[in-house]
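User: Please go through this model with me, beginning with the whole chain and ending with particular residues.

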Amino acid sequence: MRRNVERRAALVDAAIEVLAREGARGLTFRAVDAEAGVPVGTASNYFANRDDLFTQAGRRIYERLQPDATTLAGRLEGPRDLARVTELLREVVGRISDFRTGYLALLELRLEATRRPELRTVLTERVRADVEANIAYHLESGLPGDATTVRLLYLALNWLIVEHLTLPGVFTDEDVQDLVAVAVERAVPR
């Protein structure tokens, strides 16, 4: 397997674009090569098989969805109240919406994971770790709500994001912002 880190990242990013546009069935080495603008056969030099490509695409999506250092540093400035929780979750929804192809590719990967045990393991571990990290962060930060609050908001906002990115005519951008606030208001116990 080739080791050029930049080339591998470009190929995985190309795979994400192909997944979002063509679905799992369209994710072939040839399609990745074409998307990345590299000679035919390049992707097959970097990935052992399609399972490897699926798994690396899943990992890369999560890398790209992580907030930048500036966003992380400013997260807990100000009071720790419902307004702060709403602001943080609006930022998350916005960041995910800005990487639309990544989220759509992730939906494809989730479906594909029902047929690929290795991919299912990777995604299950990653999602479980993310949920637990979000719970720990929430509790340690002193934001209102408990572990169940975080889980409920995770589930509600994930489906809101699915609707917004797959059927954008269902909810306007303003509706999405309002629904995030209502979800926080109703999920956080008083």
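The questions and answers below concern a predicted model.

User: How many helices and strands does the protein chain have?
Analyst: Read along the sequence, the pattern is α-α-α-α-α-α-α-α-α. The count for the protein chain is zero strands and nine helices.

User: What percentage of the residues in the protein chain is buried?
Analyst: Buried here means under 20% relative accessible area. The protein chain has 190 residues, and the buried share of them is 40%.

User: What span does helix α9 reach from its first C-alpha to its last?
Analyst: Helix α9 covers residues 173-187, which is 15 residues. At 1.5 Å a residue the expected value is 21 Å, and the helix comes close to it, reaching 21 Å.

User: Why do the buried residues of α9 line one face of the helix?
Analyst: The buried residues are V176, V180, A183, V184 and A187. Seen down the axis of α9, they line one face because their directions fall within an arc of 95 degrees.

User: Which exposed residues does α9 carry on the face turned away from its buried side?
Analyst: The buried side of α9 has cover that includes α5 (82-98) and α8 (147-166). Exposed means over 50% relative accessible area. On the face turned away from the buried side, the exposed residues are E174 and R186.

User: Which residue has its charged end over the ring of F47?
Analyst: The structure holds zero aromatic pairs. The ring of F47 does have a charged end over it, 5.4 Å from the ring centre, and that end belongs to R8.

Conventions
Residues are numbered from 1 along each chain as its sequence is written. This is a predicted model: local features need pLDDT of at least 70, side-chain atom pairs count only at pLDDT 80 or more; totals for chains, interfaces and linings use all residues. Side-chain values use heavy atoms; hydrogens and water are left out. Helices (H or I, at least four residues) and strands (E, at least two) are DSSP runs, numbered from the N terminus. The expected span of a helix is 1.5 Å times one less than its number of residues. Buried means under 20% relative accessible area, exposed over 50%, partly exposed in between (1.4 Å probe, protein chains only). The arc is that of the directions from the helix axis to the C-beta atoms. Contact means heavy atoms within 4.5 Å. Rings of Phe, Tyr and Trp (its six-membered ring) pair if their centres lie within 6.5 Å; planes under 30 degrees apart count as stacked, over 60 as edge-to-face and the rest as tilted. A charge sits over a ring if NZ of Lys or CZ of Arg is within 6 Å of the ring centre and within 35 degrees of the ring normal.
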